[in-house]
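Me: I am new to this structure. Please show me how to read a few of its features.

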Amino acid sequence: MSHTTPRRYWLTGAGNGIGAALAEELLKSGMHLAVSARTIAPLKVLAQRYPGQVLVVAGNLTNSQTVREIGERIQQEWGSLDTVIINGGTCEYVDTQQFDASIIEHVVRTNLLASSYCIEAALPLLHAGIAPLLVGIVSSVTDLALPRAEAYGASKAGLRFLFESLRTDPASKGVEVTLVSPGSVATLLTGNNDYPMPQIWSADKAARHVVETLKQRPLEIPLLALSMAALWPLSKMSNRAKLVIGKRMVRRSPPSIDTPQTGHDQRLSTPPSG
């Protein structure tokens, strides 16, 4: 493969938010891109706008068979992948006054299990690629436990551990791993937050920074509007003080895990702020 041959990417959660912005940045730079999301319409728009560059592989990534079929489709069309960006995810806040374990089950399935299915499909394709890179969108929320983030934080902590373990596993030799750790990123999901998010990044700004920084293949790319290092003293506070802070994160009612946000598919879209 010559240096002028475009790299082949697979991006999940490409339908909106930072995923859609990443897709735009990669396609504008001439890359070939396989795009996944539950909703096929925005993926078809990308294929029309960038003819010859886009492979649409839509589907529900929480279904392991669907993900296997996506991997087989990419194998048939391209034979290999050079970079895979696991971005698809969701967020549901937990109301401990009405603790519902099914919310945790849903978030873990969407953020952690679906990502593991994608990794299973991606690794053989990456091993066949050129200078392969596996990118995981994790979260800075795992640096600081706060109320109502139990499901999201637990899923992202598991995802971080999974990617970091792959980095050191001999079976993954040859595949580099980079983590992207969003802090405050404006997305469809974070747009529903009713607590302040100062110095928020736009999805476009975050995507441009990620695509540019990936060229250096760092171990991690933080996207922190407000540094978690600066927030770290919060973890030393009393539980009472944490709960006061947590009240700013409270929604009026627990979210429904069965009903997507009106007008948008939220289940495999962009992760919210860390």
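Me: Which backbone atom lies 2.7 Å from a polar atom of the side chain of Asn 111?

Reply: A polar contact is a pair of N or O atoms within 3.5 Å; within protein, one must be able to donate a hydrogen and the other to accept it, and residues adjacent in sequence count only if both atoms are side-chain atoms. Here the atom is the backbone nitrogen of Thr 90. The model is predicted, with local features needing pLDDT of at least 70 and side-chain atom pairs pLDDT 80 or more, while totals for chains, interfaces and linings use all residues. Residues are numbered from 1 along each chain as its sequence is written, and side-chain values use heavy atoms, without hydrogens and water.

Me: Is Asn 111 buried or exposed?

Reply: Buried means under 20% relative accessible area, exposed over 50%, partly exposed in between (1.4 Å probe, protein chains only). Asn 111 has 0% relative accessibility, so it counts as buried. Asn 111 sits in helix α4. Beyond its neighbours within four places in sequence, its contacts (heavy atoms within 4.5 Å) include Gly 89, Tyr 152, Ser 155 and Leu 159.

Me: At what angle do α4 and α5 pack?

Reply: Axes are lines fitted to C-alpha atoms, for helices over the stretch in contact, and angles run from 0 to 180 degrees between N-to-C directions. For α4 and α5 the angle is about 20°, with the axes 8 Å apart. The two helices are therefore roughly parallel (angles under 35 degrees) to each other. Where they meet, α4 contributes residues including Val 108, Asn 111 and Ser 115, and α5 residues including Tyr 152, Ser 155 and Leu 159.

Key. Helix = DSSP H or I, 4+ residues; strand = E, 2+ residues; numbered from the N terminus. Parallel < 35°, antiparallel > 145°, perpendicular 65-115°, else oblique.
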